[in-house]
Amino acid sequence: MTPEPGSTFFKFVLLVNLVARPFARVHERAYGLRLAEWRVLRALAARPRGATAGELGEELGMDKMAVSRAVRALEAAGRLVRRPDPRDARRMTLVASDAGRALVDAIEPQGRAREAALLAELTEAERTALDALLDRLVRRARALPDPDATG
């Protein structure tokens, strides 16, 4: 089924689903790693000093419950550790464990290959333009009011 003409939002959702779901299914079978867990683990592996759950949620655009579930699963699997936040003893900093970083190192090349296969459809100029447009849209999406926010 083709998305209706002019339905950009649904085209975004369709594209994400077509790219992410097969990737996620493979890694869930191989490593017991769900997509939300992968997103959290990948973000932590890129931050050697770690991050709080709130920072991860903000960075990844994930709600608190999704981050919390991912963190619990990753911690139970030994893929991340909690440490007291040196800036605020009331908070915990999440850090990818050695096992977590090793898993990211094992999976990341497959993700880059999938991305390259998808983007091979575009010229270099189109890829550059797409990247810049996506950056703008992410900034704009972050600035939009949250319809669930009370105020």
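Colleague: Which helices each supply at least two residues of the nonpolar patch?

Modeller: H1 and helix H6 (124-143) do. Helices here are DSSP runs of H or I with at least four residues, strands are runs of E with at least two, and both are numbered from the N terminus. This is a predicted model, where local features need pLDDT of at least 70 and side-chain atom pairs pLDDT 80 or more, while totals for chains, interfaces and linings use all residues. Residues are numbered from 1 along each chain as its sequence is written, and side-chain values use heavy atoms, without hydrogens and water.

Colleague: What makes the nonpolar surface patch?

Modeller: Phe 9, Phe 10, Phe 12, Val 13, Leu 130, Leu 134 and Leu 137 make it. The area is about 630 Å², by the Shrake-Rupley method with a 1.4 Å probe, where only the protein chains shown cover a residue. Patch residues need over 30% relative accessible area and no salt bridge; nonpolar side chains (Val, Leu, Ile, Met, Phe, Trp, Tyr) are joined within 5 Å, like charges within 9 Å. A salt bridge puts a side-chain nitrogen of Lys or Arg within 4 Å of a carboxyl oxygen of Asp or Glu. H1 gives the largest share, four residues. Phe 10 sits in this helix H1.

Colleague: Where in H1 does a kink lie?

Modeller: At Ala 20, shortly before the proline Pro 22. The kink is about 30°. That bend is the angle between two fitted axes, one for the seven residues ending there and one for the seven starting there. Just after H1, Gly 32 has a positive phi of about 65°.

Colleague: Why is His 27 called buried?

Modeller: Buried means under 20% relative accessible area, exposed over 50%, and partly exposed in between (1.4 Å probe, protein chains only). His 27 has 4%, so it counts as buried. His 27 lies in helix H1. Ala 20, Phe 23 and Ala 24 are the other buried residues of H1.

Colleague: What do the buried residues of H1 pack against?

Modeller: Helix H2 (35-45) and helix H5 (98-119). Leaving out residues up to four places away in sequence, His 27 touches Gly 32, Leu 33, Ile 107 and Gln 110. A contact needs heavy atoms within 4.5 Å.

Colleague: Why is Pro 86 called exposed?

Modeller: Its relative accessible area is 77%, so Pro 86 is exposed. Pro 86 belongs to the loop between strand S1 (80-85) and strand S2 (88-96). From Pro 86 to Glu 58 is 28 residues in sequence and 20 Å in space, C-alpha to C-alpha.

Colleague: Why does Lys 64 count as exposed?

Modeller: Lys 64 has 75% relative accessibility, so it counts as exposed. Lys 64 is in helix H4 (residues 64-76). Its C-alpha atom is 7.1 Å from that of Gly 54, ten residues away in sequence.

Colleague: How many helices and strands does the chain have?

Modeller: Six helices and two strands. From the N terminus the order is α-α-α-α-β-β-α-α. Of the 151 residues, 25% are buried. The chain exposes about 10,800 Å², with 58% supplied by carbon and sulfur atoms.
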